[in-house]
Amino acid sequence: MGPGNDALPLLYEFPFSHFSEKARWVLDYCGQRYRSRPQFPGLHLLPMRLLSGQTSLPVLVCGPRPIPGSSRILRLVSRLSGEAELLGPPELRREARHWMDYLDQEIGVHMRRALLHRQLRDRAYMLRVFGMGRTGIERSLLGFGYPAFVQAYRNFYDMNDSTARDSEQHFQKALTRLEEHIKSRRYLVGDRFGLADLTLGALLSPLTCVPEQPFPWPRCEDPYMTALYEHPVVQHARFLYRAHRHRTKAP
Ligand SMILES: N[C@@H](CCC(=O)N[C@@H](CS)C(=O)NCC(=O)O)C(=O)O
């Protein structure tokens with residue numbers, strides 16, 4: 001991939017989304033310039049279905065077909081940018097893929113439900129988060145429609161006390177497994193930074209709150225959250241941000 005101006009890839013994304021952060025990270029890391037198309041939750045449904053046949057973000061458009069799915073984007077951008085080392089050596093790719101799938105589900109999906117179930121109760125906090133990268137008018141609209149927005153969100157992600165408790169358990173179990181795994185090693189697979197590590201860092205971005213993130217989540221003072229901010233795996237994700245959230249080559 002080495003286009004100029006108009007031919008740059010387009011990234012359809014939610015600025016606050018940890019799955020979108022995976023895509024931004026790999027594009028930045030690979031020195032791949034791109035144009036961002038931030039979407040507004042809810043209003044994205046029809047355009048994304050028309051564009052890609054599904055509604056989930058991120059979606060990358062580079063070439064004839066739009067590519068939905070953050071892990072697909074990670075692999076494609078690494079390959080096309082000549083950063084194959086992000087994929088890891090061939091004999092370790094299956095293990096890396098396993099970690100990426102595991103993290104998408106146990107952190108990406110379950111952490112989102114566990115955290116948002118609590119965070120949505122804090123209107124001021126959530127307006128700051130959902131307002132990231134939005135215009136003043138969009139932020140005002142969001143503030144006005146917040147109760148309906150929260151209800152739609154809870155329905156969409158099947159969020160209630162019982163599902164949130166179940167997701168908390170999944171998330172906790174994943175953190176324990178990861179803590180054990182990284183105790184004696186720097187990276188999840190092999191001895192170099194790869195896509196599994198990038199996935200871990202990006203998916204924990206709602207908890208890392210570091211300036212290396214293009215859209216750093218503000219800290220939330222809920223006691224459940226404040227304990228998580230200190231967790232060794234979250235500290236490890238901060239290390240990944242500091243050490244690897246940069247361009248490896250000029251765009
Ligand atoms: N498996 C997808 C999951 C992405 C995902 O869950 N995206 C959320 C935002 S964090 C989303 O777009 N939700 C709205 C929708 O699915 O319509 C990926 O890896 O890209």
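## Helices H1 and H3

In this predicted model, the axes of H1 and H3 come within 9 Å and cross at roughly 5°. Axes here are lines fitted to C-alpha atoms, for helices over the stretch in contact, with angles running from 0 to 180 degrees between N-to-C directions. H1 is therefore roughly parallel to H3, a term for angles under 35 degrees. Helices are DSSP runs (H or I, at least four residues), as are strands (E, at least two), numbered from the N terminus.

On the H1 side, Phe19, Lys22, Ala23, Val26 and Leu27 meet Ser70, Ile73, Leu74, Val77 and Ser78 of H3; contact requires C-beta atoms, placed from the backbone, within 7 Å. By class, the residues of this contact are seven nonpolar, two polar and one charged. Ala, Val, Leu, Ile, Met, Phe, Trp, Tyr, Cys and Pro count as nonpolar, Asp, Glu, Lys and Arg as charged, and the others, Gly among them, as polar.

## Basis of the model

Residues are numbered from 1 along each chain as its sequence is written. Because the model is predicted, local features need pLDDT of at least 70 and side-chain atom pairs count only at pLDDT 80 or more, whereas totals for chains, interfaces and linings use all residues.

## Overall form

The protein chain has 12 helices and four strands. Its radius of gyration is 18 Å, close to the 18 Å that the globule rule gives for 251 residues, so the chain is as compact as a globular protein of that length. This radius is taken over C-alpha atoms, and the rule is 2.2 Å times the number of residues to the power 0.38.

## Two domains

An automatic or database domain assignment divides the chain into domain 1 (5-87) and domain 2 (90-244). Their C-alpha centres lie 18 Å apart, and 18 residues of domain 1 are in contact with 22 residues of domain 2. On the side of domain 1 that touches domain 2, H1 (18-29) and H3 (70-80) each supply at least two residues. H1 gives the most to that side, with seven residues.

## Helices H4 and H9

H4 (residues 93-119) and H9 (residues 195-203) pack at an angle of about 10°, their axes 8 Å apart. These two helices are therefore roughly parallel to each other. The contact includes Trp99 and Met100 of H4 and Leu195 and Thr199 of H9. Nine of its residues are nonpolar, two are polar and none is charged.

## Ligand surroundings

The residues around the ligand include Phe14, Phe19, Ser70 and Asp104, each with its C-beta atom, placed from the backbone, within 6 Å of the ligand. This shell divides into four nonpolar, six polar and one charged.

Key
Parallel < 35°, antiparallel > 145°, perpendicular 65-115°, else oblique. Contact = placed C-beta atoms within 7 Å.
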